[in-house]
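Hello,

Here is the structure for your files. My notes on the core and the salt bridges follow below it.

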Amino acid sequence: MQADAAVGRQMGRPRDARADRAILEATLELIAERGVHAFRTEDVAARAGVGKGAIYRRYRSKNELVTAAVAELVREEIAVPDTGSTRADLLVLMREAVELYRRSLPARLMPNLIGAMAEQPELARAMRGGFLAGRRAALREVLRRGVQRGDLRPDLDLELALDVLGGPLFYRLLVTGGPLDEQLAEGIADLILRGFAPDEPRHAKSTRKRKEQRR
């Protein structure tokens, strides 16, 4: 009975949140330094200051560990700004993205993660369903409000506009190494407003319609 009670206590013992965090942070650091394939579970354990058993109790495989670490990048829900201006709302989110990718760890992580997505479907799903989905959802809401306000064309292709918003950031981060700065954030926001502007501003259309009705 005493042995059974001891086993019950051991199995019911809550996981150490500090160890959880240390393992995921160590995994992200190693991905940034070496890529997804070039580190071992032993490396994670050594850097996190835990035993290998602590990792295997949490994750059945290295792929599962990597996927969980990527999910850790989006722990906090992205708030949807509502300043009353489509341009200002877009700028809030673009500035946040610029600031994120200017940080050392995300900037070093992204090239290695993007390269591994084609080889690991689970990682690709984690990236698309977590890391990218949250920001796209916030931007999608801002774009929808822009359509309602008449700032953007009513037949706006939301997915295309979302790709245009994110494309320049990733192109500079992954290809050209160009600056991620305020000028880029403003340029992208203005590109959306000009490129997807309605054919005729709503207020101008209303004025023209009233004039025609008076004739």
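**Salt bridges and core**

Arginine 47 has a relative accessibility of 37% and so counts as partly exposed. This is a predicted model. The partner of arginine 47 is glutamate 33, and their side chains form a salt bridge with an N to O distance of 2.7 Å. The two residues are 14 apart in the chain, arginine 47 in helix 3 (residues 41–48) and glutamate 33 in helix 2 (residues 17–34). Glutamate 33 is also partly exposed, at 45% relative accessible area.

A salt bridge also joins the side chains of arginine 34 and aspartate 43, at 3.1 Å from N to O. Arginine 34 is partly exposed at 38%, whereas aspartate 43 is buried at 15%, the cut-off for buried being under 20%.

Aspartate 199 pairs with arginine 153, with 3.8 Å between the closest N and O atoms. Aspartate 199 is exposed at 74%; arginine 153 is partly exposed at 23%.

Asp82, Asp89, Arg145 and Arg149 form a salt-bridge network. The total count is 22 salt bridges.

On the nonpolar side, the largest core has 61 residues, and Leu90, Tyr101, Leu113, Leu143, Leu165 and Leu169 touch the most other members. Helix 8 (residues 121–149) gives this core its largest share, ten residues. Leaving aside residues up to four places away in sequence, leucine 165 is in contact with Leu90, Met94, Leu139, Leu143, Ile188 and Ile192.

Regards

Note on methods. Residues numbered from 1 in each chain as written. Predicted model: local features only at pLDDT ≥ 70, side-chain atom pairs only at ≥ 80, totals over all residues. Heavy atoms only, no water. Core = buried A, V, L, I, M, F, W, Y, C linked by side-chain atoms within 4.5 Å. Buried < 20%, exposed > 50% of the residue type's maximum accessible area, 1.4 Å probe, protein only. Helix = DSSP H or I, 4+ residues; strand = E, 2+ residues; numbered from the N terminus. Contact = heavy atoms within 4.5 Å. Salt bridge = Lys/Arg side-chain N within 4 Å of Asp/Glu carboxyl O.
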